[in-house]
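Open the model in your viewer and keep the selection tool at hand. Each stop below tells you what to select and what is there.

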Amino acid sequence: MNQRSSNLLDEALGLDQVIEPWPLRGRVVAIEDQVETSGSFVLHHLLKRSLSPNSSNVTIFIAFSQPFSHYDRILRKLGCNLVSQRDNSRFFFFDMLKLQCPDGDEGITPEGGLIALYGKIHKTISALPEISWKNVSIIIDDLSLMEVAANGSSDYVLDFLHYCRTLTSEFDCSLITLNHEDIYSSEDRPTFFIQMEYLADILIKAEPLATGLATDVHGQLTVSNKGRNKVSNFHFKVKENVVECFYPGRS
Amino acid sequence: MAESIYRALRDGALEGELAPALTIKDSVASPFALQVFSHVISQLFSSILAGKSQSRGLVVVSFSRSPSFYLDLLKNKGTDVASSNKQIQILDCYSDPLGWKDQLAGSRNFTALSNEAMVSSNAIVFREVKHMDKLYNSIIELGKDQISSIFWLLHSDLHEARVTAVLEYLSSIVASLEPSHQLANGQRGDLENFSLIKHNSKKGKFHVRFKKRNGRVRVMSEEVHIEQSGINFASLPSEGAINQGLVPKVQFSLQLSEKERIDKANVVLPFEHQGNGKPIQIYDGRRSLVDSKHERPVSAVENVQTNENCGSGEIIYYRDSDDEMPDSDEDPDDDLDI
């Protein structure tokens, strides 16, 4: 039931066929959303797919936005038990909320903190058997809060993202990030935001409908898959246990 | 037109001149600069291997792709990288540009992977990208010789306008990619807009501006098609239509008919020596008198062939340019790029 409804999204991402080996390996997926249309459901969906029992995927989740309990609750409704996955070493949760906002005089600089985070991710992946490296997904929720944690220095965050990208070529793992478009809309040159669009192999945009709010449709998703040279657009509705995706006019 | 770019880079620097410098720039609306860059690099490398170009080697400074991307690209295009010896060198500013891996290896039990040690003989890792002088020195060291041509990829919306402008001034060739269709801002989510987005993801416009030695600037445009296999260039479909549109609609005919074109081509211009063995008649405004069998001496006629050596004066005439319509009333100084 769940699989059937989200099929459009899976299709656009290449996840509708076999998911072992992980179809998104070596790719960077960037999710962009806005206040009116939150894109976290895409993140949850990808997390659920990567932790599916049909695959041996390992997920490293870097959370700046919510604690573990939040994701646990949501994924349980989608039919996935994060606690047991964590115990089985299929799910690694890096809780960045507990990270102190570093000041210069404590000896921990934003740059130092990000370097350490990169080191931790690298170490976690290297510790896995080599055969599972390409089945690793790194999920970051979300980039704008990472910028806050780095005291606003988007340069360090961009450096960190570059190094995360080298992980995708080194280990053939995948990188999935979430960022908010409207935070940067007031800047003349939203470099940080645009840089992510250049880096992404697959760009998923969650936007409101041009016609405004509606009860049956929560918004629209545009998926640009550069690897397959394909662009798809469809509407979505976020329900309690599932997300329904459908072409316009066919709810 | 992409051919012209390739030729300019292949022919390299002329004696006493600066090497050609190419900027390939794009924006997020048509992010195909990488495909164009890959296309140029593979063409140039083939000509280097074949010995057809002025340059004897290629140095790639890679920031956003791993060295294996370029090596695979060249291999896929059929060039034999393995036996290319030292003809391609890659300065790897991608794997560890800021030296983070070194820092981590020093402080904790960070295990550098074995495949990192398998650095190919073509790629050298560079870890101090923020030190511009060291970066520059490393590039020069790899290149060893004089530079024949240089080209770079630029994402114009990631930099301030003046940075992009400076790089354009430095370049002798600027190739920019633009979307086929401009999207209306603030009209997101339109079905029409989506079809434009879809169109823009597969096609784009490619504008190239050449700065010539004599100061003239030539602008050309083509269409690019992005396919799985790579990039294709085609001439703009509605070019004729654009030209037609520039001619104002007035009651007299401003274009030449075919017969007029032929007649015009047959006219002998005053100072063009098209002798064919007969004495050249230099028209001094009195041809009508000569024709009417006047007894006026034809003192105006000079027999060029016999007089060449007696220093009685010569008129040497070089046509200004062949690709300009003779009657074109464009200001020749109009396209100077100062």
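## Chain B: two crossing helices

Select helix 1 (residues 2-11) and helix 2 (residues 33-49) of chain B: their axes come within 10 Å and cross at roughly 45°. Axes here are lines fitted to C-alpha atoms, for helices over the stretch in contact, and angles run from 0 to 180 degrees between N-to-C directions. Helices (H or I, at least four residues) and strands (E, at least two) are DSSP runs, numbered from the N terminus. Helix 1 of chain B and helix 2 of chain B are therefore oblique to each other. Angles under 35 degrees count as roughly parallel, over 145 as roughly antiparallel, 65 to 115 as roughly perpendicular and the rest as oblique.

Now show side chains. From helix 1 of chain B, B:Glu3, B:Tyr6, B:Leu9 and B:Arg10 make the contact; from helix 2 of chain B come B:Val40, B:Gln43, B:Leu44 and B:Ser47. Contact means heavy atoms within 4.5 Å.

This is a predicted model: local features need pLDDT of at least 70, side-chain atom pairs count only at pLDDT 80 or more, and totals for chains, interfaces and linings use all residues. Residues are numbered from 1 along each chain as its sequence is written, chains are lettered from A and ligands numbered from 1 in the order in which they are written, and side-chain values use heavy atoms, with hydrogens and water left out.

## Chain B: two buried residues

Go to B:Ser53, in the loop between helix 2 and strand 2 (58-62) of chain B. B:Ser53 is buried, with a relative accessible area of 11%. Buried means under 20% relative accessible area, exposed over 50%, partly exposed in between (1.4 Å probe, protein chains only). A polar atom of the B:Ser53 side chain lies 2.9 Å from the backbone oxygen of B:Ser55. Leaving aside neighbours within four places in sequence, B:Ser53 is in contact with B:Arg10, B:Ser47 and B:Ile48.

Next, pick B:Tyr70 in helix 3 (residues 67-76) of chain B. B:Tyr70 counts as buried, at 5% relative accessibility. Not counting residues up to four places away in sequence, B:Tyr70 touches B:Phe37, B:Ile41, B:Val60, B:Ser62, B:Arg65 and B:Ile90.

## Chain A: helices

Switch to helix 8 (residues 154-171) and helix 9 (residues 191-199) of chain A. They pack at an angle of about 10°, axes 11 Å apart. That makes helix 8 of chain A roughly parallel to helix 9 of chain A. Helix 8 of chain A contributes A:Ser154, A:Val157, A:Leu158, A:Leu161 and A:Arg165 to the contact; helix 9 of chain A contributes A:Phe192, A:Gln195, A:Met196 and A:Leu199.

Move to helix 4 (residues 68-77) of chain A. Its buried residues are A:Phe68, A:His70, A:Tyr71, A:Asp72 and A:Leu75. Among the elements they pack against are helix 3 (40-50) and strand 2 (58-63) of chain A. A:Gly79 follows helix 4 of chain A, with a positive phi near 95°.

## Chain A: backbone stops

Select A:Ser89, in the loop between helix 5 and strand 3 of chain A. Phi of A:Ser89 is positive, near 60°, in a residue other than glycine. A:Ser89 counts as partly exposed, at 38% relative accessibility.

Which bond joins A:Asp141 and A:Asp142? A cis peptide bond, with omega about -15°.

Finish at A:Asn229, between strand 7 (219-225) and strand 8 (230-238) of chain A. A:Asn229 has a positive phi of about 55° although it is not a glycine. A:Asn229 is buried, with a relative accessible area of 14%.

Note on methods: A polar contact is a pair of N or O atoms within 3.5 Å; within protein, one must be able to donate a hydrogen and the other to accept it, and residues adjacent in sequence count only if both atoms are side-chain atoms.
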